[in-house]
Amino acid sequence: MSESTEFAGKVALVTGGGSGIGRAIAVRYAEGGGDVVVLGRRTEPLEETVRLAEKHGVRAGFASCDVRDADAVTAAVDGVAADFGRIDALVNNAAGNFVCPAEDLSPGGWRAVVDIVLNGTFYATRAAAQHMLAQGGGSILNVIASYAWHGHPGTVHSAAAKGGILAMTRTLASEWGARGVRVNCISPGPTETEGAGAALWPTEQDRARVLGSVPAARFTTPEEVAESAAFLLDPRRAGYITGDVLSVDGGQWLGKVVYADSSKGS
Ligand SMILES: CCCCCCC/C=C/C(=O)SCCNC(=O)CCNC(=O)[C@H](O)C(C)(C)COP(=O)(O)OP(=O)(O)OC[C@H]1O[C@@H](n2cnc3c(N)ncnc32)[C@H](O)[C@@H]1OP(=O)(O)O
Ligand SMILES: NC(=O)C1=CN([C@@H]2O[C@H](COP(=O)(O)OP(=O)(O)OC[C@H]3O[C@@H](n4cnc5c(N)ncnc54)[C@H](OP(=O)(O)O)[C@@H]3O)[C@@H](O)[C@H]2O)C=CC1
């Protein structure tokens, strides 16, 4: 049964909802009484998210497709609207990433990440917005990362794509604001997920380096990020927030190196 009702009667679509942050956001939406559909490539993890969401007494489903395929994304989004009757929230969370020095990054590697992150976000946004604009409102939440503005070595593909999403967010917030569609970003700091751990901090040394960039001196959890996502998705609490970014990153956006003994200064 649902514990709270903030999303009762509403429907969310979460891309990359089969794991990590996307799964936590989908389950948090269900906890708030909302129906939820998760989208990704692998069926098994999506089914597991559906099981977790259904425990909260809501209706849940999944769509299996690659966000790089615009037609498949449109079909999935239209399918959600037809099956569930509406789309109130879209969370563009699916991403691909790896660390690679820019001079070694192949055009194919650049394309893979930019296609998933930037183009995939636009395809889902465009398709969902058609339903949101027709029904008179909705909320789009894009998951980015703070290196989009402070930079980080080895992330040129992802940083460029996330920076593009930030520009997309502001543009669409101004374009659709008067028609009731809010568009925002959430920017998590280093979050303990299998995908990020394997792609970005595979060794203890990498992990320590990443941790050293976070003033709060800890990683966060998908659930902690999902709480802030729920805030931005809830029109009662965040209905006047659009075109903005909420950093949930322990201060990583400050872009400063952190010393364990702060008395030494920098
Ligand atoms: C370091 C800062 C940390 C702090 C901030 C943390 C911010 C975190 C942000 C995140 O995004 S975490 C999310 C992580 N999750 C994932 O990445 C999961 C999904 N990942 C993927 O799907 C793959 O990693 C993928 C490569 C992005 C896409 O998979 P796909 O099957 O489409 O690709 P491939 O055909 O395997 O490869 C395409 C292309 O990319 C090149 N490539 C792949 N991996 C690497 C690598 N490790 N290094 C260099 N190049 C790579 C691959 O060679 C292909 O290129 P071409 O051969 O065609 O030129
Ligand atoms: N973890 C972190 O430290 C941080 C993460 N972020 C962002 O948070 C979001 C989630 O990251 P996180 O949970 O860590 O990562 P995960 O790797 O756990 O999740 C990524 C999800 O995206 C899906 N996905 C990847 N490629 C595609 C594709 N081509 N089409 C459809 N779905 C796809 C994956 O499913 P499947 O493979 O089955 O398709 C997977 O479920 C991302 O946008 C990431 O950039 C931002 C800052 C920090």
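Start by selecting leucine 13: leucine 90 in strand E4 stands opposite it. This is a predicted model, in which local features need pLDDT of at least 70, side-chain atom pairs count only at pLDDT 80 or more, and totals for chains, interfaces and linings use all residues. Residues are numbered from 1 along each chain as its sequence is written, while chains are lettered from A and ligands numbered from 1 in the order in which they are written.

Now show strand E1 (residues 11-15) and strand E4 (residues 89-92), which run parallel and are joined by three bridges. Strands here are DSSP runs of at least two residues, helices (H or I) runs of at least four, numbered from the N terminus, and two strands pair if DSSP finds at least two bridges between them.

Widen the view to the open sheet of seven strands, ordered E3-E2-E1-E4-E5-E6-E7 with parallel pairing. Strand E3 (60-64) and strand E7 (245-248) are at the edges; each has a single partner strand, so one side of each lacks a neighbour in the sheet.

Next, select ligand 2. Around it are 29 residues (C-beta atom, placed from the backbone, within 6 Å), and the closest are Gly16, Gly20, Arg41, Gly195 and Ala196. Helix H1 (20-31) and helix H7 (194-200) are the elements that give two or more residues to this shell.

Finish at helix H3 (residues 70-84) and helix H4 (residues 107-135), whose axes (lines fitted to C-alpha atoms over the stretch in contact, with angles from 0 to 180 degrees between N-to-C directions) come within 9 Å and cross at roughly 30 degrees. H3 and H4 are therefore roughly parallel, a term for angles under 35 degrees.

Methods
Parallel < 35°, antiparallel > 145°, perpendicular 65-115°, else oblique.
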